[in-house]
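Here are my notes on how two neighbouring parts of this chain meet. Have the model open while you read.

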Amino acid sequence: MDQLIADWRAALAPGGVLTGAEAAERPRGPWTRLGEPLAILRPVSTQEVSTILKLASAAGAAVTPWGGCTGLVDGCLADGTLALSLERMAAIEGIDATAGTMTVQAGCILQTACEAAEAAGLFLPLDLGARGSATIGGNIATNAGGNRVLRYGMTRDMVLGIEAVLADGTVISAMRPLMKNNTGYDLKQLFIGSEGTLGVVTRVILRLRPAPVSQDTAFVGVDSFDGVARLLRRLERRLGGAMSAFEVMWADFHDLVTSAPARGRAPLEGRHPYYVLIESLGGDEAADAARFEAALTEALEDGDIADAAIARSGAERAAMWALRDDVGQTSRNGPIIAFDVSLPIAAMEAYVDQVCTAFTGRWPGLGRPWVFGHLGDGNLHILARVPAGAGLAERHALEEMVYGPLQAIGGSISAEHGIGLAKRDWLPLARSPEEIALMARLKHALDPTGVLNPGKIIAPPPR
Ligand code: ZN
């Protein structure tokens with residue numbers, strides 16, 4: 001290993017290899033376990049990434065790619081491996097306003113990319129809580145979802161071209177800004193959502209959208225889950241595809257983020273079992289606002305919603321979104337475990353009841369798990385407090401409660417966070433043996449020595 005590190009020091013630009021205290025001092029987020037990498041490699045170009053991987057593959061040295069390390073499934077856990085951080089490849093190389101594209105390096109922070117698009121009068125719709133530290137490369141590696149999937153899709157839907165480096169150092173440059181390109185296998189899809197196991201994304205061409213002219217936001221209370229489901233379909237129809245967010249909070253989560261020490265305050269007076277944050281983006285301020293209000297008024301009159309507040313200023317809108325984003329409140333009295341599942345909307349109410357009943361039955365003192373999510377995408381986040389002194393057995397029991405029922409109702413153990421290491425053992429609940437075997441064949445074909453983020457998504461073959 002010492003020889004390998006010396007080789008990298010010689011090959012990379014100054015500051016390209018961090019070891020010892022320099023590596024140990026790296027900041028780590030509250031949600032993320034990074035482990036203790038042998039060294040942190042910080043390339044400044046695709047060519048350097050290629051050099052790193054060529055040497056690593058030849059030596060059989062495992063490499064864990066790092067973006068912003070804001071994932072929640074231990075995908076960045078680099079214990080005993082070399083961490084490959086894209087932090088020095090963060091440039092926005094260009095924005096083509098006519099084509100509506102942005103060419104960007106993988107280490108660029110998501111929020112920086114969004115602001116650059118906005119400055120050019122365009123819009124990068126990807127939006128998630130970790131926007132200030134997540135990177136574009138990490139978003140692609142994990143196929144990040146977030147708050148606007150309902151209208152704009154997952155990260156996958158925003159990627160036109162990709163440049164990635166394979167485990168053996170081969171550079172695959174597919175940097176084409178084309179919307180349509182049916183020329184055989186769409187190779188970029190191999191890397192999107194593969195969590196750094198098939199290649200390291202270095203540069204990308206993103207599809208941008210026109211900047212929205214109008215932004216209408218409302219916070220509504222709903223008295224039944226059927227009402228929530230009806231409201232979703234009504235607004236999809238009534239707003240003609242302009243709805244960009246339909247975020248539901250179960251009452252316990254709403255109460256948590258609207259009571260001290262949380263700084264948020266309830267936008268509505270009464271208490272309801274469900275709250276929905278609704279947002280619509282459009283191109284005509286006056287007409288869109290009128291249509292938005294009319295749709296909500298109809299829903300009120302028909303009894304689908306019980307009460308509603310429409311944001312009348314940017315500050316009111318920000319306050320509504322701050323409630324949804326204040327997920328940190330869930331850990332104010334102790335550690336929590338966060339789950340990210342998807343399932344048919346028709347099955348949600350019974351599923352949530354089943355999970356919460358099982359949880360409070362086993363650990364009565366901990367309260368019900370908090371539930372919220374991107375309901376328009378069929379995606380729920382469930383955050384449960386961890387029993388004091390809980391070990392692996394308790395954790396497994398909790399996972400069984402959350403994941404166990406999903407197979408029978410056709411759900412998924414990960415809607416948007418990925419598999420990483422944290423969910424690997426549960427993958428057979430969501431994918432068939434044949435699918436998992438094909439994943440293993442792809443992994444072996446692209447990374448025969450198993451050096452890229454080994455053990456993530458699927459277990460490595462026995463050596
Ligand atoms: Zn989410």
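1. Start with the spacing: the centres of domain 3 and domain 4, taken over C-alpha atoms, are 25 Å apart. The assignment puts domain 3 at 214-327 and domain 4 at 335-429; such bounds come from an automatic or database domain assignment. Keep in mind that this is a predicted model, where local features need pLDDT of at least 70 and side-chain atom pairs count only at pLDDT 80 or more, while totals for chains, interfaces and linings use all residues. Residues are numbered from 1 along each chain as its sequence is written, and side-chain values use heavy atoms, with hydrogens and water left out.

2. On contacts (heavy atoms within 4.5 Å), 16 residues of domain 3 touch 15 residues of domain 4.

3. The two domains bury about 1,400 Å² between them, 67% of it from carbon and sulfur atoms. Buried area here is the accessible area (1.4 Å probe) that two parts lose on being put together, summed over both. On the domain 3 side, Phe-225, Trp-250 and Asp-252 supply 38% of the area buried against domain 4, more than any other three residues.

4. Now the charges. The rule (a side-chain nitrogen of Lys or Arg within 4 Å of a carboxyl oxygen of Asp or Glu) finds 1 salt bridge across this interface. Arg-368 and Asp-252 pair up in a salt bridge through their side chains, at 3.2 Å, N to O.
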